[in-house]
Amino acid sequence: SVSLSIQLQGRVNYLVVNNFIVISDALALYKYNGSSVAKLTIDTPPEPIAKITDGALLDGLYTVAIAWSKQGRESGLSTSLSLNVVGGIELILPYNYSNDADQVVIYMTERNGSELLKVGTADINSMTFIIGHDQDLTRSAQFQHLSPMRPGQFLKLWRGRLVTAQRNMLYVSQALNFHLCDERYDYVALPQKITFVEPVESGIWVGQANSVIFLNGADVKELSVVQTGAKAPIPGTAMRVNSDLLGEMAAGLDAVLWLAENGYC
């Protein structure tokens with residue numbers, strides 16, 4: 001038997017994804033690989049402190065920002081900071097209180113530029129990072145405006161994205177970046193408390209207090225609400241059924257089955 005090194009809080013949901021298990025409780029999302037468990041999400045770092053130091057950067061305006069990373073997963077980007085530089089830049093790096101990262105990734109624009117590009121990495125326990133001369137800037141910052149994915153009930157996978165529910169809110173992660181979501185767009189606000197969530201290829205079936213709705217679409221920004229007129233479902237009774245079990249009735253597509261006041265639907 002394997003002992004988990006965390007204490008889970010409240011209702012626990014889990015989901016098998018490829019070769020690991022995602023776990024959601026009341027507080028966070030976790031990743032379990034069969035031998036160890038760790039937080040799936042990484043907190044977004046606060047803005048670093050920057051000051052002018054000795055160096056050979058070309059005089060001009062530079063913008064800097066940082067992210068935290070762990071085992072190749074990178075957090076959302078911090079707030080950026082711009083400063084007029086004569087010499088070099090010394091960054092005072094924030095402390096990672098949540099202990100959920102092993103590296104700091106530093107981004108900077110070119111002189112008088114606007115695109116944040118990777119300038120280097122530092123150990124998570126580093127207190128400072130100095131940019132003293134023109135350095136090779138590599139890839140663009142990927143995760144501006146993104147936040148840690150929210151935990152919740154009815155943990156599901158839909159089109160390469162995690163889906164969770166909190167009260168009447170449905171949250172969706174970034175595609176193939178399960179630990180991140182865009183809080184500006186990656187959610188659907190529904191009129192009633194969510195009682196089940198079952199995704200299919202063409203959308204997401206969602207139980208409500210007095211009916212069932214279908215969120216039709218292939219992307220979270222395109223989802224439209226379809227009222228089904230179904231009777232009130234019994235919370236938590238929905239399940240996805242393989243089309244092979246339903247014959248011609250399923251038309252070759254997976255279906256969703258739930259229990260309601262008028263029987264199975």
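In which loop does Asn-18 lie? Asn-18 lies in the loop between β1 (13-17) and β2 (20-24); here strands (E, at least two residues) are DSSP runs, numbered from the N terminus. The structure is a predicted model, in which local features need pLDDT of at least 70, side-chain atom pairs count only at pLDDT 80 or more, and totals for chains, interfaces and linings use all residues. Residues are numbered from 1 along each chain as its sequence is written, and side-chain values use heavy atoms, with hydrogens and water left out.

The phi angle of Asn-18 is near 55°, a positive value in a residue other than glycine. Asn-18 is also exposed, with a relative accessible area of 73%; exposed means over 50% relative accessible area, buried under 20%, and partly exposed in between (1.4 Å probe, protein chains only).

With 64% relative accessibility, Arg-167 counts as exposed.

Strands of a sheet pair through backbone hydrogen bonds, either parallel or antiparallel. Strand β13 (residues 161-166) pairs with strand β14 (residues 169-172) in the antiparallel sense over four bridges, where two strands pair if DSSP finds at least two bridges between them. Within this pair, Thr-164 stands opposite Tyr-171 in β14.

Both strands belong to an open sheet of four strands, in the order β12-β13-β14-β16, with antiparallel pairing. Its edge strands, β12 (153-158) and β16 (187-189), each pair on one side only.
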